[in-house]
Amino acid sequence: MKILFTPNQTLTPTTMRILVATQAAILLIAWMLAPIPLLPKPHEIGSAWVRLVHQGLLYELVVSFKTTCEAIAITAVISLGLVYLAVMPVMRPFVILVSKFRFNGLVGLTLFFTLLTDGGHELKLALLVFGMTVWFVTNMAASISGITDE
């Protein structure tokens, strides 16, 4: 027992499993007995999960996953194109500007993208692509600039 409270000690895998299981059990019991009305109990979460699954949660998760994959593919193509163009001096200021857009919040741009797109899926896709492109361009440009001219 003393080893559990001694700093920088290495525990055996069995001891670590027992420690984690004990702490998880204590947290679960404390969660179930907590008199906090805003904190749902585990059985409430389980029943809400079942209701959500019956209401189409799994389908919506698949749709969301497909939208995210589509946004990542579009973002990669746009970002790679911009970063490859950034090696030309004429395009470098534009790519730097695109990378600076990462400091913009998406709140004000929602109206702009709403006016540019036709529907909900396109709006989600446009916002995702914009939000990811500015970060992809920044990171890819840093990688490209780290390559030597040789």
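This note sets out points on the helix packing and on selected residues of a predicted model.

1. Helix 3 against helix 6. Helix 3 covers residues 57–85 and packs on helix 6 with an angle of about 40° between them, their axes being 7 Å apart. Helix 3 is therefore oblique to helix 6, since angles under 35 degrees would count as roughly parallel. The two helices cross in a right-handed sense. Sorted by class, the residues of this contact comprise 18 nonpolar, five polar and one charged.

2. Helix 4 against helix 6. Helix 4, formed by residues 92–100, packs on helix 6 at about 125°, and the axes lie 7 Å apart. This arrangement, too, is classed as oblique, because the range for roughly perpendicular is 65 to 115 degrees and that for roughly antiparallel is over 145. The crossing of helix 4 over helix 6 is left-handed. Helix 4 contributes Val95, Val98 and Ser99 to the contact, and helix 6 contributes Val134, Val137 and Thr138. Four of the residues in the contact of helix 4 with helix 6 are nonpolar and two are polar, with no charged residue.

3. Helix 5 against helix 6. Residues 109–116 make up helix 5 and residues 120–145 make up helix 6; the pair packs at an angle of about 130°, with a separation of 9 Å between the axes. Helix 5 is thus oblique to helix 6. The passage of helix 5 across helix 6 is a right-handed crossing. On the helix 5 side the contact involves Leu109, Thr110, Phe113 and Thr114, which meet Leu123, Ala126, Leu127 and Phe130 of helix 6. The residues of this contact are six nonpolar and two polar, and no charged residue takes part.

4. Threonine 133. This residue belongs to helix 6. Its relative accessible area is 6%, so threonine 133 is classed as buried; the cut-off for that class is under 20%. A polar atom of the threonine 133 side chain lies 2.5 Å from the backbone oxygen of valine 129. When residues up to four places away in sequence are left aside, threonine 133 touches Thr75, Ile78 and Ser79. The reader may wish to view these contacts alongside the packing of helix 3 on helix 6, for which the angle is about 40°.

5. Asparagine 8. The segment before helix 1 (13–33) contains asparagine 8. Although asparagine 8 is not a glycine, its phi is positive, at about 60°. With a relative accessible area of 78%, asparagine 8 is exposed, because values over 50% fall in that class.

6. Asparagine 104. The loop between helix 4 and helix 5 holds asparagine 104. Its relative accessibility is 41%, so asparagine 104 counts as partly exposed. Along the chain, asparagine 104 and phenylalanine 65 are 39 residues apart, and a distance of 25 Å separates their C-alpha atoms.

7. Points to keep in view.

Notes. Residues numbered from 1 in each chain as written. Predicted model: local features only at pLDDT ≥ 70, side-chain atom pairs only at ≥ 80, totals over all residues. Heavy atoms only, no water. Axes fitted to C-alpha atoms, helices over the stretch in contact; angles between N-to-C directions. Helix = DSSP H or I, 4+ residues; strand = E, 2+ residues; numbered from the N terminus. Left-handed = near helix turned anticlockwise from the far one by under 90°. Contact = heavy atoms within 4.5 Å. Nonpolar A, V, L, I, M, F, W, Y, C, P; charged D, E, K, R; others polar. Buried < 20%, exposed > 50% of the residue type's maximum accessible area, 1.4 Å probe, protein only. Polar contact = N/O pair within 3.5 Å; in protein donor to acceptor, adjacent residues only side chain to side chain.
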